[in-house]
Amino acid sequence: MFRSRRNGLVRRLWRSRAGGDGGVSCCGLSEPPTGSPELRSAASSVLKRLKEQALFTMLEAVESRGATPGGCVLVTRHGPPPHLLLCRLFRWPDLQHPGQLKALIGCQGAGGPDSNSFCCNPYHYSRLCGPESPPPPYSRLSPKVEQKPLDLSDSYTEVEACGSLRITARDISDTSLSPDTSKQGHWCSVAYWEHRTRVGRLYSVSQPSVSIFYDLPQGSGFCLGQLSLENRSEAAVRTRGKIGLGIMLSREADGVWAYNRSDHPIFVNSPTLDTPACRPFVVRKVMPGYSLKVFDYKKSCVLRHLPAPPEHTDGPYDPHSVRISFAKGWGPCYSRQVITSCPCWLEVLLGR
């Protein structure tokens with residue numbers, strides 16, 4: 001009986017593989033059956049070594065597509081890296097090398113410096129965004145296109161549970177709206193915006209990571225679906241429907257990372273994504289399943305000694321902040337020239 005139950009779990013896992021029978025990719029496009037015979041044989045060998053409880057954990061993560069990633073699934077390495085095999089089988093058939101993967105914060109990954117065990121839960125990993133060279137058209141200011149400056153005569157409106165607060169141009173400083181979060185016991189605060197309107201209060205983060213999502217009954221974090229707003233625009237309604245599992249922000253030793261858990265791209269801008277000598281701002285596109293270091297602590301120290309940002313900076317400028325737009329990009333090559341034209345976006349205010 002136990003063997004038949006275990007075999008049933010393995011069969012369900014095989015049916016859930018990326019590009020399997022009836023499978024679709026994260027972008028909704030049909031893919032061919034996954035993997036060579038060598039991959040299927042090696043992955044099958046890994047699954048055979050997993051205990052029944054580990055198979056349950058793996059199946060829950062795979063069938064929910066990461067909505068409930070579960071705990072680590074540790075297995076001893078015999079042959080190719082087991083996490084590479086199962087990430088190829090269940091998520092990214094084109095994955096070539098373990099160096100393209102990043103273990104998410106909290107994952108044990110390898111069991112230790114002298115251990116040969118790996119976590120092979122494919123939803124404990126993300127793909128790394130590689131360097132963009134040359135930068136794509138959406139990320140740089142074209143010499144033929146002038147960026148439209150933000151008209152600061154228009155007010156930002158913050159909508160909160162206790163009422164509304166109107167902030168005019170004279171109230172906006174070069175440190176945006178953020179307090180020094182490090183003095184208040186949390187490493188960042190997150191503001192959610194729809195166009196020029198801030199919806200809800202600042203969400204303070206003291207844990208090493210935080211999930212920001214639309215509607216996820218299982219789990220905890222910043223649930224954007226619970227934030228109401230009168231006269232919400234149609235564009236915001238459509239975009240909110242694309243947030244899904246959203247993103248995970250994590251504070252790590254080298255900086256702040258963003259992992260795109262949704263089925264649609266996110267767009268990111270921060271001072272440390274720019275080259276110091278380059279004035280036009282950079283907006284990076286992060287595809288589903290990918291991670292990007294959105295704020296670099298070392299680069300931030302260098303930026304302190306550089307001249308003030310250009311006058312055409314779009315919106316309140318904070319050298320310790322990150323801006324993230326869901327599904328919609330902005331910049332000189334988009335109809336949305338500035339971040340406040342995006343339907344749904346986040347301002348991540350970091351401690352100094």
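Which strands are included in what covers the buried residues of helix H5? Before selecting anything, note that this is a predicted model, in which local features need pLDDT of at least 70, side-chain atom pairs count only at pLDDT 80 or more, and totals for chains, interfaces and linings use all residues. Residues are numbered from 1 along each chain as its sequence is written, and side-chain values use heavy atoms, with hydrogens and water left out.

**Stop 1: helix H5**

Select residues 234-243, which form H5. Helices (H or I, at least four residues) and strands (E, at least two) are DSSP runs, numbered from the N terminus. Colour Ala236, Thr239, Arg240 and Ile243, the buried residues of this helix. They lie on the same side of H5, because they cover an arc of only 105° around the axis; the arc is that of the directions from the helix axis to the C-beta atoms. An α-helix has 3.6 residues a turn, so residues three or four places apart point the same way. Buried means under 20% relative accessible area, exposed over 50%, and partly exposed in between (1.4 Å probe, protein chains only).

Now show strands E7 (188-194), E9 (209-213) and E16 (321-326), which are among the elements covering the buried residues of H5. Turn to the face directed away from the buried side to find the exposed residues Glu234, Arg238 and Gly241. Just after H5, select Gly244, which has a positive phi of about 55°.

**Stop 2: helices H2 and H4**

Select H2 (residues 37-48) and H4 (residues 82-90), whose axes come within 9 Å and cross at roughly 115°. Axes are lines fitted to C-alpha atoms, for helices over the stretch in contact, and angles run from 0 to 180 degrees between N-to-C directions. Leu39, Ala42, Ala43, Val46 and Leu47 of H2 make the contact with Pro82, Leu85, Leu86, Arg88 and Leu89 of H4. Contact means heavy atoms within 4.5 Å.

**Stop 3: Gly71 and the cysteines**

Go to the loop between helix H3 (52-63) and strand E1 (74-76), where Gly71 lies. Gly71 counts as partly exposed, at 36% relative accessibility. Leaving aside residues up to four places away in sequence, Gly71 touches Thr57, Asn121 and His124.

Next, select Cys72, which is also partly exposed, with a relative accessible area of 27%. How far is the sulfur of Cys72 from the closest cysteine sulfur? The distance is 3.9 Å, to Cys119, too far for a bond. A disulfide is a pair of cysteine sulfur atoms within 2.5 Å, and the structure holds zero disulfides.
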